[in-house]
Amino acid sequence: MRSMQGVALALLALAACGSNDGAKPRVEDVWVRLAAVPDRPAAAYFTLKGARADDRLLRIDSAVVNKIELHMVGMIGGLMTMRQMADMPLPAGATLKFEPTGNHAMLFGVDKQITPGTGIPMLFTFKSGARIEVEAKTVGAGDDMGGMHH
Ligand SMILES: [Cu+2]
């Protein structure tokens, strides 16, 4: 039994040394599709990777966006609809993709200075206290989110 404890302690020490892996959730591949028309919201897409423990994405903030909401997509009566979520559970070790056909973050009031190619700084805040800063790539409207209704 003593040796088992020794192994556990060694593993803990190793984990503490590893700078990133598993200690905090990760936010990857962040990009924003700007609206075709100013004053329409833009949408952000990204991949969340869960840490060793369950966590929740609480909010996303940006210095160049008035308000960012987490939106979930679902079908209601044959119509694709979006609704706002208070937060998003991120189970330990899970990979959650926010993609154009699914969940996304909606950006209301994007600074007029932001044009395709301009980076958008975003801060992801998690329930665990982890705060992760990323810079989103931006692309033009291309195909807009036509057919979606709030
Ligand atoms: Cu939306």
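Reader: Ala 36 first: does that residue count as buried, exposed or partly exposed?
Author: Around Ala 36 there are 14 other C-beta atoms within 10 Å. A residue is buried with 20 or more other C-beta atoms within 10 Å of its own, exposed with 12 or fewer, and partly exposed in between, with C-beta atoms placed from the backbone. That makes Ala 36 partly exposed.

Reader: Before we go on, what sort of model is this, and what pLDDT do local features need?
Author: Residues are numbered from 1 along each chain as its sequence is written. It's a predicted model, where totals for chains, interfaces and linings use all residues, side-chain atom pairs count only at pLDDT 80 or more, and local features need a pLDDT of at least 70.

Reader: OK, so what is the mean pLDDT of the protein?
Author: pLDDT is the predictor's confidence in each residue, from 0 to 100. In this protein, 81% of the residues reach 70 or more, and the mean is 86.

Reader: And how many contacts does the model have for residues 15–19, beyond near neighbours in sequence?
Author: Two residues are in contact if their C-beta atoms, placed from the backbone, lie within 7 Å. Over residues 15–19 the pLDDT is below 50, and beyond near neighbours in sequence the stretch's contact count is 2.

Reader: What about residues 143–147: how many contacts beyond four places in sequence?
Author: Here too pLDDT stays under 50. For this stretch, the model's count of contacts beyond four places in sequence is 3.

Reader: How many helices and strands am I looking at?
Author: Both are DSSP runs numbered from the N terminus: H or I for helices, at least four residues, and E for strands, at least two. Along the sequence the pattern reads α-β-β-β-β-β-β-β-β-β-β. The tally is 1 helix and 10 strands.

Reader: Which residue of β10 stands opposite Val 32?
Author: Strands pair if DSSP finds at least two bridges between them. β1 (residues 26–33) runs parallel to β10 (residues 131–139), joined by 3 bridges, and it pairs with β2 (residues 42–49) in the antiparallel sense over 6 bridges. Val 32 stands opposite Ala 44 in β2. On the β10 side, what stands opposite Val 32 is Thr 138.

Reader: In β10, what is the bridge partner of Thr 125?
Author: β9 (residues 120–126) makes 4 bridges with β3 (residues 55–61) in the antiparallel sense, and there Thr 125 is the partner of Arg 59. β9 also pairs with β10, antiparallel, over 6 bridges. In β10, Thr 125 is bridged to Arg 131.

Reader: Which residue takes a positive phi near 100 degrees in the hairpin of β9 and β10?
Author: The hairpin has 4 residues between its strands. The residue with that positive phi is Gly 129.

Reader: And what about the phi of Asp 29: about how many degrees?
Author: Most residues other than glycine have a negative phi. Asp 29, in strand β1, is not a glycine, yet its phi is positive, at about 50 degrees.

Reader: How far apart are the C-alpha atoms of Leu 34 and Thr 138?
Author: Leu 34 lies in the loop between β1 and β2 and counts as buried, since it has 24 C-beta neighbours inside 10 Å. Beyond four places in sequence, its contacts include Val 110, Thr 138 and Ala 141. Leu 34 and Thr 138 are 104 residues apart along the chain, but their C-alpha separation is 6.8 Å.

Reader: Back to Ala 36: what is the C-alpha to C-alpha distance to Gly 142?
Author: Ala 36 also lies in the loop between β1 and β2. In sequence it is 106 residues from Gly 142, and in space the distance is 7.7 Å.
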